Amino acid sequence: MAREQGRSLMGTAAKRKAKVPRFRTDEEERAFWARHSVEEFAGNLEDLNIAIRPARTEQIAVRLYKDDLEALQSLAAEHGVGHTTLARSVLEGWLARSRSGRRRGHHRKARRPA
């Protein structure tokens with residue numbers, strides 16, 4: 001009898017924890033996962049079709065005008081990332097679109113020193 005009650009209680013607990021809650025803060029999420037296992041939510045997990053790329057190993061140097069660098073740094077700060085991270089993200093996005101053949105019809109001409 002106790003075993004049957006335990007099973008029914010476990011079934012109820014599993015139903016209540018069917019969905020991962022939305023978290024308001026990173027701290028709230030960390031506290032939740034410290035008390036729970038991802039296995040509790042195995043029924044609701046979905047496979048993701050992602051490719052894991054190797055670590056970046058190559059570096060390049062890019063010379064920018066001072067005002068362009070300042071604008072890049074300002075935009076990066078607004079997005080909460082470093083300016084090199086933002087530059088890499090923009091460049092990777094442009095390359096991905098170029099590889100897939102979705103080039104935009106307009107291109108900004110490069111500025112040349114006077």
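Predicted model: local features only at pLDDT ≥ 70, side-chain atom pairs only at ≥ 80, totals over all residues.
1. Just after α4, G101 has a positive phi of about 80°.

2. Overall make-up. The chain contains 4 helices and 0 strands. Read from the N terminus, the order of elements is α-α-α-α. The chain has 114 residues, and buried residues make up 6% of them. Of the contacts with a separation of 6 or more, 28% join residues 24 or more positions apart.

3. Confidence. Mean pLDDT for the chain is 81. A value of 70 or more is reached by 73% of the residues. Among the elements, helix α3 (residues 66-79) has the highest mean, 97. Helix α1 (residues 2-16) has the lowest, 48.

4. Over residues 5-15, pLDDT stays under 50. For these residues the model has 0 contacts beyond four places in sequence.

5. Helix geometry. α3 has 14 residues and spans 20 Å from first C-alpha to last. That is close to the 20 Å expected at 1.5 Å a residue. α4 has 17 residues and reaches 24 Å between its end C-alpha atoms. Here too the span is close to expectation, 24 Å at 1.5 Å a residue.

6. How do α3 and α4 pack? Their axes are 8 Å apart, at an angle of about 95°. Angles from 65 to 115 degrees count as roughly perpendicular. The two helices are therefore roughly perpendicular to each other. The residues of this contact divide into 6 nonpolar, 2 polar and no charged.

7. Which residues form that contact? From α3 come L69, L72, Q73, L75 and A76. From α4 (residues 83-99) come H83, L86 and A87.

8. Is L75 buried or partly exposed? Its relative accessibility is 42%, so L75 counts as partly exposed. L75 and L86 are 11 residues apart in sequence. In space, their C-alpha atoms are 8.3 Å apart.

9. The connection between the two helices. G82 lies in the loop between α3 and α4. This glycine is partly exposed, with a relative accessible area of 36%. G82 and L72 are 10 residues apart along the chain. Their C-alpha atoms are separated by 9.2 Å.

10. To sum up, the α3 and α4 pair is described by an angle of about 95° and an axis separation of 8 Å. α3 carries the highest mean pLDDT among the elements, and α1 the lowest.

How values were computed. Residues numbered from 1 in each chain as written. Heavy atoms only, no water. pLDDT = per-residue confidence, 0-100. Contact = heavy atoms within 4.5 Å. Axes fitted to C-alpha atoms, helices over the stretch in contact; angles between N-to-C directions. Parallel < 35°, antiparallel > 145°, perpendicular 65-115°, else oblique. Nonpolar A, V, L, I, M, F, W, Y, C, P; charged D, E, K, R; others polar. Expected span 1.5 Å × (residues − 1). Buried < 20%, exposed > 50% of the residue type's maximum accessible area, 1.4 Å probe, protein only.
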